[in-house]
Amino acid sequence: EKTVMKNIMEFYKEKKEELKAWLFEEKKCGQRFSITVDEWSDVNFRRFMNITLHSAKRSPIVLGLSVIEGSCDSGATIALVKEKLKEFGIEMDKDIVGSSHDGAAVMVKYGNNISPLAQLCYNHGVHLAVLDVFYKKVGYQTLNDAESDDENFQDNNNSEDSDDYDVDRNDEIASAFAFDGNLNFEDDTP
């Protein structure tokens, strides 16, 4: 094993043990936690499940990625989450009060089958709504199509309330909604 990789793994193991000790002490004091669960795929289409632990006393703790092999129904998702939590001495049914996840069908079923409260992620919902508003083309027509469909287009569309569909402008607007995890709008200035 290479020296750099060995050092990284030793550092990881040390920090993991420190975190486990902190979690043990928090549990002794009656502290309970919530989690965020999300599936992720890399550029080679390998799938992973990420579990982030949330506590009232510190910033979110990424517990790490679990490899998803083959299909992953809600039962397999629950097993992956429980296995990752167990690595840190956390029991889903006893120590977790809530789980947040996206609205994929498998995740909705996961949420219906766990004992902690399940909450669909508002960020995912807002993201999907923004995509729907700015990029969904069903039902929209171009100006040329509308003119050919309606002889009186000019007479009926002289108001300032025109809803012309401008993809480039909508891309600019959608970019304005991009933000980082602290809800600070992105800015390239230092």
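1. Start with Ser 100: its bridge partner in β5 is Gln 119. Strands β4 and β5 (residues 117-120) pair in the parallel sense over four bridges, where pairing asks for at least two DSSP bridges between the strands. Getting from β4 to β5, the chain passes through helix α4 (residues 105-112), and this β-α-β crossover is right-handed; that is, with the strands pointing away from the viewer, the path from the first strand over the helix to the second runs clockwise.

2. A word on what we're looking at. This is a predicted model, with pLDDT of at least 70 needed for local features and 80 or more for side-chain atom pairs, while totals for chains, interfaces and linings use all residues. Numbering runs from 1 along each chain as its sequence is written, and side-chain values use heavy atoms, leaving out hydrogens and water.

3. Back to β4 (residues 96-101), which is mostly covered: five of its six residues are buried, meaning under 20% relative accessible area with a 1.4 Å probe, protein chains only. β4 also pairs with β1 (residues 33-41), again in the parallel sense and over four bridges. Here Phe 33 has Ile 96 as its bridge partner, and Ser 34 stands opposite Gly 98.

4. β1 has an antiparallel partner too, as eight bridges join it to β2. Thr 36 stands opposite Thr 52 in this pair. The two strands make a hairpin with five residues between them, and Phe 45 in the turn has a positive phi of about 65°.

5. Asn 50 deserves a look. This residue is found in β2 and counts as buried because its relative accessible area is 18%. Its side chain joins that of Thr 52 in a polar contact of 3.2 Å (N or O atoms within 3.5 Å; within protein, one able to donate a hydrogen and the other to accept it, with residues adjacent in sequence counted only if both atoms are side-chain atoms). Leaving aside neighbours within four places in sequence, Asn 50 is in contact (heavy atoms within 4.5 Å) with Thr 36, Val 37, Asp 38, Val 62, Gly 64 and Leu 65.

6. Now the largest nonpolar core: it has 23 residues, and Ile 35, Leu 53, Leu 85 and Tyr 110 have the most contacts inside it. Such a core is a set of buried Ala, Val, Leu, Ile, Met, Phe, Trp, Tyr and Cys residues joined through side-chain atoms within 4.5 Å. α1, β1, β2, β3, α2 and α4 each supply at least two residues, and the largest share, four residues, comes from α2. Tyr 110 touches, among others beyond four places in sequence, Ile 35, Val 37, Ile 78, Val 81 and Met 92.

7. α1 has 26 residues and reaches 38 Å from first C-alpha to last, close to the 38 Å expected at 1.5 Å a residue (1.5 Å times one less than the number of residues). Its buried residues are Lys 16, Leu 19, Leu 23 and Glu 26, and they pack against β1, β2, β3 and α2. Just after α1, Gly 30 takes a positive phi of about 90°.

8. For the overall picture, the protein chain has eight helices and five strands, taken as DSSP runs: H or I of at least four residues for helices, E of at least two for strands, numbered from the N terminus. Of its 190 residues, 26% count as buried.

Notes
Buried < 20%, exposed > 50% of the residue type's maximum accessible area, 1.4 Å probe, protein only.
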